[in-house]
Amino acid sequence: AILEAVKGKADIVVFPEFSIPFDYLEDIQEYANETGTIIFAGTHYIMEENFEKYKTLFASDFGEEDFRKNICPVVIPNSKIIHSEKMFGAKEERDLFFHKGMKQGKLNHIFKLRDNLNLGILACFEYLNDELRHRLISACDVILVPQTNPNPSRFYGVAKNDLNSPLCAGNKACIMANGIFRIGEIKNGQFEPEKEEIEGGSSGILLTLDKDSYK
């Protein structure tokens with residue numbers, strides 16, 4: 001429904017973390033081929049049951065060492081899917097909360113769309129890592145932050161701090177794409193799943209023009 005609503009109106013679509021199931025990717029690829037739209041298709045964990053399908057859909061070769069990585073598929077028109085890997089998991093993704101936590105990724109692409117437009121991805125908790133964020137700010141014109149987060153205020157605080165104390169010259173933009181999902185809760189040290197449902201979400205754009213004009 002979202003993709004149909006922006007058909008012919010958007011060059012790039014960014015979905016929140018965990019909002020696009022793996023099974024949707026083939027249809028999204030067809031949409032990208034038809035419309036010329038680039039789609040950052042949320043994130044998902046690489047799971048063994050989908051392993052063979054990755055070979056036909058993705059440009060990269062995946063192995064068993066990639067299981068449990070949280071990746072962001074980037075669906076490009078008339079191309080195999082490129083991906084970036086989340087390097088730093090939030091506390092809910094670590095072994096403390098799940099029997100098997102998220103595996104740390106190593107791959108973070110920068111996408112050059114035009115001579116004056118480079119895009120980078122920082123998935124959720126990655127954005128709070130100063131070293132990684134500062135590296136991308138210096139190299140990218142736009143940073144996309146797909147996340148699942150019931151309280152994104154900390155992220156906006158970090159973005160506003162960067163805004164008021166810019167690391168480098170040039171106009172930069174940070175795009176937050178946030179979804180909120182209820183997946184369960186911890187009771188007596190054990191994870192108890194609930195019926196998966198979407199609670200809501202938000203999005204925001206911060207531009208590093210200057211602290212007086214960014215609003």
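1. The largest nonpolar core has 21 residues, of which Leu25, Ile39 and Phe58 touch the most other members. A nonpolar core is here a set of buried Ala, Val, Leu, Ile, Met, Phe, Trp, Tyr and Cys residues joined through side-chain atoms within 4.5 Å. Buried denotes under 20% relative accessible area, exposed over 50%, and partly exposed in between, with a 1.4 Å probe and protein chains only. Two or more residues of this core come from each of helix H2 (25-35), helix H3 (51-57) and strand E4 (70-75). H2 supplies the largest share, four residues. Helices (H or I, at least four residues) and strands (E, at least two) are DSSP runs numbered from the N terminus.

2. On the basis of the note: this is a predicted model, in which local features need pLDDT of at least 70 and side-chain atom pairs count only at pLDDT 80 or more, while totals for chains, interfaces and linings use all residues. Residues are numbered from 1 along each chain as its sequence is written, and side-chain values use heavy atoms, with hydrogens and water left out.

3. Leucine 25 deserves a separate entry. Its contacts, leaving aside neighbours within four places in sequence, are Ile20, Ala41, His44, Leu57, Phe58, Pro73 and Ile81. Contact means heavy atoms within 4.5 Å. Another core, of 17 residues, lies apart from the largest one; Leu136, Ile143, Val145 and Phe155 are among its members.

4. As to the chain overall, there are five helices and ten strands. Of its 215 residues, 42% count as buried. Among the contacts with a separation of 6 or more, 61% are between residues 24 or more positions apart.

5. Strand E7 (residues 117-121) is largely enclosed by the rest of the structure, because five of its five residues are buried. Leu117, Leu119 and Ile121 are buried on one side, and Asn118 and Gly120 are buried on the other, so that both faces of E7 are covered. In a regular strand the side chains alternate between the two faces of the sheet.

6. The strand partners of E7 are as follows. Strand E6 (residues 110-114) pairs with E7 in the antiparallel sense over four bridges; two strands pair if DSSP finds at least two bridges between them. The two strands form a hairpin with two residues between them, and arginine 114 has leucine 117 of E7 as its bridge partner. E7 and strand E8 (residues 142-148) run parallel and are joined by three bridges, with leucine 119 opposite valine 142 in E8.

7. Helix H5 (residues 153-164) has twelve residues and spans 16 Å from its first C-alpha to its last, close to the 16 Å expected at 1.5 Å a residue. The expected span is 1.5 Å times one less than the number of residues. Phe155, Val158, Ala159, Asp162 and Leu163 are buried in H5. Viewed down the helix axis, the buried residues of H5 fall within an arc of 145°, and therefore line one face of the helix. The arc is that of the directions from the helix axis to the C-beta atoms.

8. Glycine 42 lies in the loop between strand E2 (38-40) and strand E3 (44-45). Its relative accessible area is 0%, so glycine 42 is buried. Beyond neighbours within four places in sequence, glycine 42 is in contact with Phe15, Pro16, Glu17, Phe18, Ser19, Ile20, Ile71, Cys72 and Pro73.

9. Most residues other than glycine have a negative phi, and most peptide bonds are trans. Phenylalanine 18, in the loop between strand E1 (12-14) and H2, has a positive phi of about 65° and is partly exposed at 31% relative accessible area. Cysteine 124, in the loop between E7 and H4, has a positive phi of about 45° and counts as buried at 5% relative accessibility.

10. Phenylalanine 62 is found in the loop between H3 and E4 and is buried, with a relative accessible area of 12%. Setting aside neighbours within four places in sequence, phenylalanine 62 is in contact with Ile46, Phe51, Tyr54, Ile71 and His83.
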